[in-house]
Amino acid sequence: MSTVTSPAVLAREDGAVGRLSATFWRRPKLLLALMLAPPLLWLGVIYIGSLFALLAQSFFSLDDFTGQVKYELTLSTYAQLFRQSNFDIIVRTVVMAALVTMVSAIIAFPIAYYAARYAKGRWKALFYLGVTLPLWSSYLVKIYAWKMILAKEGIISWVFAKLSLTWLLEAYLALPIVGGNSLSISYTGTLLVFVYVWLPYMILPVQAALERVPGNLIEASYDLGGAPKQTFRHVLLPLALPGIIAGSIFTFSLTLGDYIIPGIIGSSRLFIGQAVYTQQGTAGNIPLAAAFSVVPIIIMAFYLWMAKRQGAFDAI
């Protein structure tokens, strides 16, 4: 039985839509280019364009007399980064980011190992739920909750008082650098909150890397007389290292650029994010703010290059 196509349908197929469809069918690359054009244009103009504008601003300077930006190419703004006060901000931020990354890795590894080797079925689902649950709540709510926990009248001080260990907490807070009037006004408190907020970004890549470790390698290590420490050092750690580096990309970069946590938890000493906010806002020194912004970009570019060489992107 033959199928008869109505003239109206044939007219529609021969129209502009039909010709356009035929053109795309003959030239699939043209269709791909048209589909990619909007997101690439957005990425190029909004993201890449803003980065180039930021980079350009960093090569200008601020007139000390008029307070106006001098649109003349100069490296004097970058030279200001090496002043003691500004350089201390950079060092302080990098050290904090490194400490957050190391502490997160130490805490994340046993959790990820248990999830990768032993958690099955519902326990695996509960693991993912427990890891991602803190990400569901508001960022600011979590920070202010920790501020109350770490405050002098908070639950941590209350627990130390109940255990008659207030003297121990006060002795720790009396230590230089790490201490302060309370945990909420100390670098220790800043470190704790950073680790809490970014820990899920470390656990998940490490767990993914450990799941790819064949179980027979661990068994072979035990069969050959390897102690648990030797198995960890020579088998587990090298194979899980890409996942650890992948997680460190998140924890390190997010700590470098964050300005909210150090502003709420910790001392009055600035981090890079706070310096950028202060310079472009209160001080009105846009070139110096741009120069401060370039520092994390350079650090992370080098860090990502090193991470790629270690195969970290395979674990993301």
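Ser157 is buried, at a relative accessible area of 18%; buried means under 20%, exposed over 50% and partly exposed in between, with a 1.4 Å probe and protein chains only. This is a predicted model, in which local features need pLDDT of at least 70 and side-chain atom pairs count only at pLDDT 80 or more, while totals for chains, interfaces and linings use all residues. Residues are numbered from 1 along each chain as its sequence is written, and side-chain values use heavy atoms, with hydrogens and water left out.

Ser157 belongs to helix H8 (residues 155-162); helices are DSSP runs of H or I with at least four residues, numbered from the N terminus. The Ser157 side chain lies 3.4 Å from the backbone oxygen of Ala151. Apart from neighbours within four places in sequence, Ser157 contacts Ala151, Lys152 and Leu169, where contact means heavy atoms within 4.5 Å.

Helix H15 covers residues 286-309. Its 24 residues should span 34 Å at 1.5 Å a residue, and the 35 Å between its end C-alpha atoms agrees with this; the expected span is 1.5 Å times one less than the number of residues. At the N-terminal end, Asn285 caps H15 through a side-chain oxygen 3.2 Å from the backbone nitrogen of Leu288. The buried residues of H15 include Leu288, Phe292, Val295, Met300 and Ala307.

Helix H3 (residues 28-58) supplies nine residues, the largest share, to the nonpolar patch. Leu36 lies in H3 and counts as partly exposed, because its relative accessibility is 40%.

Conventions: Helix = DSSP H or I, 4+ residues; strand = E, 2+ residues; numbered from the N terminus. Polar contact = N/O pair within 3.5 Å; in protein donor to acceptor, adjacent residues only side chain to side chain.
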